[in-house]
Amino acid sequence: PYYKYLWQLVSGIHYETPEEKVRTELSNVSKKICEGILQFRPACASKTDLETLLEGKHQEKLIPFTKKLQNLLNLETSQCWEILCSYLTHEFRGSASSLAVFVANETNTTKLLEDIWGFYSLERMIVLKIIKNMLLFYEDAAHPFHEQYVQCIDKITLTKLRDSYFKQFKYLLEDKPASSLTSVLVFIFNECLTSGVFPDCLMNLV
């Protein structure tokens with residue numbers, strides 16, 4: 001999923017989004033929302049070699065660049081390719097067909113890698129932002145998508161959500177160097193505690 005777009009649909013910023021659309025979108029990504037940033041698996045979890053994957057897609061010219069990207073993102077092969085495709089579809093200002101020519105220039109390659117790193121980092125942060133928003137308004141009947149949030153969180157279950165986010169927090173604390181996402185998770189927990197959401201929804205599960 002393209003989380004930047006998903007946020008626009010389900011956050012309540014755009015009230016014109018049909019409720020059924022919000023319900024469907026949240027239901028489709030409920031497992032990934034629960035996994036949070038752990039849905040993004042490291043390169044060592046790859047079951048397919050990067051060269052084999054790209055050869056199967058007839059994208060041999062992109063193998064050198066995609067190898068650099070995988071090393072930078074430390075992402076499992078298929079997910080690395082998905083991030084690249086998502087970036088090209090939604091953020092890249094050139095045409096996807098001209099990418100091989102574009103990255104033949106080292107300066108272009110460096111800039112593109114930086115841009116995709118920023119895109120990937122933002123996608124991970126937005127995953128956390130979506131669940132933060134759902135928790136903050138889980139018990140707020142005034143929110144336009146309150147009912148859809150309740151249905152999604154009930155489908156996941158608060159227990160699984162709590163356990164998953166503790167695992168994510170531990171993962172980020174052990175990250176070397178520490179990821180900026182650590183502060184995002186801390187912010188989510190602190191804001192939810194301050195708002196009173198955690199005592200009612202999660203803290204009684206601890």
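Residues 24 or more positions apart account for 68% of the contacts in the chain with a separation of 6 or more, where contact means heavy atoms within 4.5 Å. The model is predicted, so local features need pLDDT of at least 70 and side-chain atom pairs count only at pLDDT 80 or more, while totals for chains, interfaces and linings use all residues. Residues are numbered from 1 along each chain as its sequence is written, and side-chain values use heavy atoms, with hydrogens and water left out.

**Overall composition**

- The chain holds 12 helices and zero strands; helices (H or I, at least four residues) and strands (E, at least two) are DSSP runs, numbered from the N terminus.
- Read from the N terminus on, the order of elements is α-α-α-α-α-α-α-α-α-α-α-α.
- Of the 206 residues of the chain, 44% count as buried. Buried means under 20% relative accessible area, exposed means over 50%, and partly exposed lies in between (1.4 Å probe, protein chains only).

**The N-terminal residue**

- Pro1 lies in the segment before helix H1 (3-10), and with a relative accessibility of 54% Pro1 counts as exposed.
- Not counting residues up to four places away in sequence, Pro1 touches Val29, Lys32 and Glu123.
- The C-alpha atoms of Pro1 and Glu25 are separated by 9.6 Å, and these two residues are 24 residues apart along the chain.

**Packing of H1 with H2**

- Two packed helices are described by the angle between their axes and the distance between the axes. Axes are lines fitted to C-alpha atoms, for helices over the stretch in contact, and angles run from 0 to 180 degrees between N-to-C directions.
- H1 and H2 pack at an angle of about 140°, with 9 Å between their axes.
- This angle makes H1 oblique to H2; angles under 35 degrees count as roughly parallel, over 145 as roughly antiparallel, 65 to 115 as roughly perpendicular and the rest as oblique.
- The crossing of H1 and H2 is left-handed. A crossing is left-handed if the near helix is turned anticlockwise from the far one by less than a right angle, and right-handed if clockwise.
- On the H1 side, Leu6, Leu9 and Val10 meet Lys21, Val22, Glu25 and Leu26 of H2.
- By class, the contact of H1 with H2 has five nonpolar, no polar and two charged residues. Ala, Val, Leu, Ile, Met, Phe, Trp, Tyr, Cys and Pro count as nonpolar, Asp, Glu, Lys and Arg as charged, and the others, Gly among them, as polar.

**Packing of H2 with H9**

- Helix H2 (residues 19-28) also packs with helix H9 (residues 146-156), at an angle of about 20° and with the axes 9 Å apart.
- H2 is therefore roughly parallel to H9, and the crossing of H2 and H9 is right-handed.
- H2 contributes Glu19, Val22, Arg23, Leu26 and Ser27 to the contact, and H9 contributes Glu147, Gln148, Tyr149, Gln151, Cys152 and Lys155.
- The residues in the contact of H2 with H9 divide into four nonpolar, three polar and four charged.

**Packing of H5 with H6**

- Helix H5 (residues 63-73) and helix H6 (residues 77-90) have axes 10 Å apart and pack at an angle of about 105°.
- H5 is thus roughly perpendicular to H6.
- The contact is formed by Phe65, Thr66, Leu69, Gln70 and Leu73 of H5 together with Thr77, Cys80, Ile83 and Leu84 of H6.

**Backbone points in the loops**

- His58, although not a glycine, has a positive phi of about 60°.
- His58 sits in the loop between helix H4 (50-56) and H5, and is exposed with a relative accessible area of 67%.
- Asn74 is likewise not a glycine and has a positive phi of about 55°.
- Asn74 belongs to the loop between H5 and H6, and is partly exposed at a relative accessible area of 43%.

**Cysteines**

- A disulfide is a covalent bond between the sulfur atoms of two cysteines.
- A search of the whole structure finds zero disulfides, a disulfide being a pair of cysteine sulfur atoms within 2.5 Å.
- For Cys85, the closest cysteine sulfur is that of Cys80, 9.6 Å away, which is too far for a bond.
- Cys85 counts as partly exposed at 26% relative accessibility, whereas Cys44 is exposed with a relative accessible area of 70%.
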